[in-house]
Amino acid sequence: MTEATAPDDGPLTGVRVVELAGIGPGPFAAMLLADLGADVVRVDRPGGPGLGIDPARDVTNRNKRSVVVDLKAPDGAARVLDLAERADILIEGYRPGVAERLGVGPEECRARNPRLVYGRMTGWGQDGPLADRAGHDIGYIAVTGALGMTGEPGRPPVAPANLLGDYAGGSLYLVVGVLAALHHARASGTGQVVDAAIVDGTAHLTSMIHGMLAAGVWQDRRGANLLDGGCPYYGTYATADGGHMAVGALEPRFYAEFLRLLDLTDLAGAHADVTRWPELRTRVAERFASRTRDAWTAVFEGTDACVAPVLSLREAPHHPHLAARSTFTDHAGITQPAPAPRFSATPATVRTGPARPGADTEDVARDWGVPGLLPPPSNPQRKASS
């Protein structure tokens, strides 16, 4: 464990994490641990991960330190095992069996450090018919039923970027898993392997919907339910300027306020009559189409009608509420989401910008006591004679 540092470094101060570099959900999970104060050392490969983004702008590598290790080199595995010996958590996102072939699988790492929590991030999981197959977020959420709930009936499902699978079903479940396993390791002295599969996490996210399905209050088809856009008072509407407003006026008193502000109080009973939903949707759409997004934002400002403007990524940091809470922050010239959640005694911060591959080798070698990370010293006598 590292020496104690300032209390404002976050609640995971003192926790050491090794991240074997990858792309997507693994780095995001490691970023979350780093945001919360963990000392995360990212083991980059020579040449980088191939993401095609300037490392100086990859905010998923903020608050981390980086060393470069070629795991295919004769001494590559030994250098990573030296780090694993001193770590609390290790995160890898290879296909099943790859870490083992590289000599840094769970058995090798935990032989050196029985307390180590070994977190494995994959799409399909460590076993099953698809475990060895390639995949991406959209395929993982497709087979869990989650993708099939998005979009309008009669049209293809809408891909929600890669937020639902990679980050919600993947990264966040990996973080919950490794922190729970760390708690167990500290109590028992024994670490374990955490198999965080995106398909498992995404399926778990649909728990409430499966309960509603079993209760007969959810139809297993798109755009026919209260929360999937089928309901005319829970969805989005276009405005006169091409913008959109999001409506979530589910409860009766919020629905009443919503209609009052739209001047559609004659539709007070339409929400409870499914046969009137088409009429309600048409009337609401016509009203929203009569003014701009900003005009409607002003109408609903300060009310409990549960209506909000749909903002772009660049607009979001300037929303008054998010600005007041500092939900976004600027660091090293990059506007980015601030660490979340928030802690009263050990607040998390963006301490450093994105780690540059290999930039922290000397510091990590010193702080973690792993001199093998450093290149061998040059021989002045040999240089003089050459």
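**Exercise 1.** In what order do the 3 strands of the open sheet stand, and is their pairing parallel or antiparallel?

*Solution.* This is a predicted model; local features need pLDDT of at least 70, side-chain atom pairs count only at pLDDT 80 or more, and totals for chains, interfaces and linings use all residues. Residues are numbered from 1 along each chain as its sequence is written, and side-chain values use heavy atoms, leaving out hydrogens and water.

Start with the terms. Strands (E, at least two residues) and helices (H or I, at least four) are DSSP runs, numbered from the N terminus. Two strands pair if DSSP finds at least two bridges between them.

Now read the order: S7-S8-S9, with antiparallel pairing. Strand S7 (234–238) and strand S9 (307–309) are the edge strands, since each pairs on one side only. From one strand to the next, the twist averages 20°.

**Exercise 2.** How many bridges join S7 to strand S8?

*Solution.* Find S8 at residues 244–248. Count 5 bridges between S7 and S8.

**Exercise 3.** Which strands does helix H11 lie across?

*Solution.* Helix H11 covers residues 293–300. The helix lies across S8 and S9. H11 runs at about 30° to S8. Such angles run from 0 to 180 degrees between N-to-C directions, with axes fitted to C-alpha atoms, for helices over the stretch in contact (heavy atoms within 4.5 Å).
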